[in-house]
Amino acid sequence: MIITRVRWAWYRVPFKVPYETARGAVTHRQGIIVRLETDAGVHGLGEGSLDPSESEDALSVLQSHIQTIGSYLTREPFDDLSDVLGPYLQGGEAARAANCAFETAIGDAATRTADCRLAEMMRYQPETGRLSVTRAEVPVNATIAVFKRTVPWPRLRRSPSASRA
């Protein structure tokens with residue numbers, strides 16, 4: 001699978017009724033939807049969002065990470081997806097949100113390519129041929145970690161237009 005194009009768009013969804021958190025009242029959810037396209041004509045969608053109490057500066061950092069990763073995935077050669085996304089797991093909240101957006105979009109594209117649901121692919125155990133992870137075993141916000149442990153990432157290759165520096 002070759003990622004040929006990455007697009008993204010901001011969203012902001014106001015809640016009908018605010019809810020209270022330890023950081024204050026939350027009135028909306030805001031973030032970025034990432035859409036990547038592959039050489040097979042398949043697309044994948046992912047979302048990166050921050051805690052609503054984060055500043056506008058943090059949202060700018062998220063946008064910068066999305067742009068950097070998207071540019072790299074379509075322009076630079078890489079052998080392993082973790083080489084590209086790994087550093088974003090160690091950063092701040094904006095870096096981790098950008099990482100999640102791309103991991104989810106890539107996972108979505110992989111399941112569309114395999115013609116199955118993401119939940120099925122995340123739970124499939126190739127050694128047994130069965131779905132063995134139940135919903136109760138997957139902690140909140142841990143779906144991508146489970147996906148990485150149970151299913152090999154699709155083999156990604158650089159875009160034909162990419163060149164080594």
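Predicted model: local features only at pLDDT ≥ 70, side-chain atom pairs only at ≥ 80, totals over all residues.

Two packed helices are described by the angle between their axes and the distance between the axes. Here, H1 and H3 pack at about 40°, and their axes are 8 Å apart. The crossing in which H1 passes H3 is right-handed.

Which residues make the contact? From H1 come Ala58, Val61, Leu62, His65, Ile66, Ile69, Gly70 and Leu73. H3 contributes Ala94, Ala95, Ala97, Ala98, Asn99, Ala101 and Phe102.

## A closer look at H1

H1 covers residues 56-75, 20 residues in total. From first C-alpha to last, H1 reaches 29 Å, close to the expected 28 Å.

Several residues of H1 are buried: Ala58, Leu59, Leu62, His65, Ile66, Ile69, Gly70, Leu73 and Thr74. Down the helix axis, these buried residues fall within an arc of 145°, so they line one face of H1. An α-helix has 3.6 residues a turn, so residues three or four places apart point the same way. On the face turned away from the buried side, you will find the exposed residues Glu56 and Asp57.

The buried residues of H1 also have other partners besides H3: strands S1, S2 and S3, and helix H2.

## Alanine 98 on H3

Now find alanine 98, which belongs to helix H3. Is alanine 98 buried or exposed? Its relative accessible area is 0%, so alanine 98 is buried. Alanine 98 touches Leu62, His65, Ile66 and Ile69, leaving aside residues up to four places away in sequence.

Note on methods:
Residues numbered from 1 in each chain as written. Heavy atoms only, no water. Helix = DSSP H or I, 4+ residues; strand = E, 2+ residues; numbered from the N terminus. Expected span 1.5 Å × (residues − 1). Buried < 20%, exposed > 50% of the residue type's maximum accessible area, 1.4 Å probe, protein only. Arc of directions from axis to C-beta. Contact = heavy atoms within 4.5 Å. Axes fitted to C-alpha atoms, helices over the stretch in contact; angles between N-to-C directions. Left-handed = near helix turned anticlockwise from the far one by under 90°.
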